[in-house]
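User: I'd like to learn how to read a few features off a structure. Could you walk me through some?

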Amino acid sequence: MSSKDLAASLAIGDRIHNRRKELGLTLQLLAKTSGLSASFISLAERNKTVPSLMSLMTLSKALGVSIEYFTEAITAPNPIKKADDPQVLEDTAQLTVTQLSNEIEFGQNLDVLKVRLAPKEPLPIAPKEGEIFLYVLDGSVRFENSDLQETLTVGDSFHIDARVTHTVVNAEQDKDTVLLYACTPSRIQR
């Protein structure tokens, strides 16, 4: 991917960060070169603030790019995912994980997965930053954390902080359970 194509797919803060890293500059060095504060540049890189046109002009000069580098239209990937083109992430006798959402090249905040669990099998979940939403499509699961033990059946769901230690196990004795699982990326251990 060319540097122009890369820039067109990123938010302004990501463009600043990537160009700074490409040049091997620290925040402090870019701050000194541009005359802007390191804390402001850090906020801009994390998309916590949007630099003014004057700040972008200053940054473009310090980073050796034209102002257009920051203002090119952001192009979005195709948002459609067709059923006849599944992306199976894992397929074993115990577990099948199919990605239902498209993968966004930069800045993806959500994975939407269809998960099939074999009878009595646990869902391998890694506690990390973010959120988890689970919806039972078919079968049932046993949800447990330090405060709660509950069996969820078709149509039931939970939405929790992904840092909370918990387990989800197929509660069925002789059939698979199918779940819709939305999470901050990479919460299912693969």
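This is a predicted model: local features need pLDDT of at least 70, side-chain atom pairs count only at pLDDT 80 or more; totals for chains, interfaces and linings use all residues.

User: What is the phi of Asn47?

Analyst: Asn47 has a positive phi of about 55°, although it is not a glycine. Asn47 is also partly exposed, at 40% relative accessible area.

User: Which other residue has a positive phi although it is not a glycine?

Analyst: Take a look at Lys120, with a phi of about 65°. Lys120 sits in the loop between strand 3 (111–117) and strand 4 (131–138). Its relative accessibility is 52%, and the cut-off for exposed is over 50%, so Lys120 counts as exposed.

User: Now a helix. Which residues of helix 3 are buried?

Analyst: The general idea comes as a rule: an α-helix has 3.6 residues a turn, so residues three or four places apart point the same way. In helix 3 (residues 27–34), the buried ones are Leu30, Ala31 and Ser34. Viewed down the helix axis, they fall within an arc of 105°, so they line one face of helix 3.

User: What do those buried residues pack against?

Analyst: They pack against helix 2 (12–22), helix 4 (38–45) and helix 5 (53–63). The face turned away from the buried side of helix 3 carries Gln28 and Lys32, which are exposed. After helix 3 comes Gly35, with a positive phi near 85°.

User: And which residues make the nonpolar surface patch?

Analyst: Leu53, Met54 and Met57 make that patch, at about 340 Å². Leu53 lies in helix 5 and is exposed, with a relative accessible area of 55%.

How values were computed:
Residues are numbered from 1 along each chain as its sequence is written. Side-chain values use heavy atoms; hydrogens and water are left out. Buried means under 20% relative accessible area, exposed over 50%, partly exposed in between (1.4 Å probe, protein chains only). Helices (H or I, at least four residues) and strands (E, at least two) are DSSP runs, numbered from the N terminus. The arc is that of the directions from the helix axis to the C-beta atoms. Contact means heavy atoms within 4.5 Å. Patches are made of residues with over 30% relative accessible area and no salt bridge: like charges are joined within 9 Å, nonpolar side chains (Val, Leu, Ile, Met, Phe, Trp, Tyr) within 5 Å. Accessible areas come from the Shrake-Rupley method with a 1.4 Å probe; for residues, only the protein chains shown count as cover. A salt bridge is a side-chain nitrogen of Lys or Arg within 4 Å of a carboxyl oxygen of Asp or Glu.
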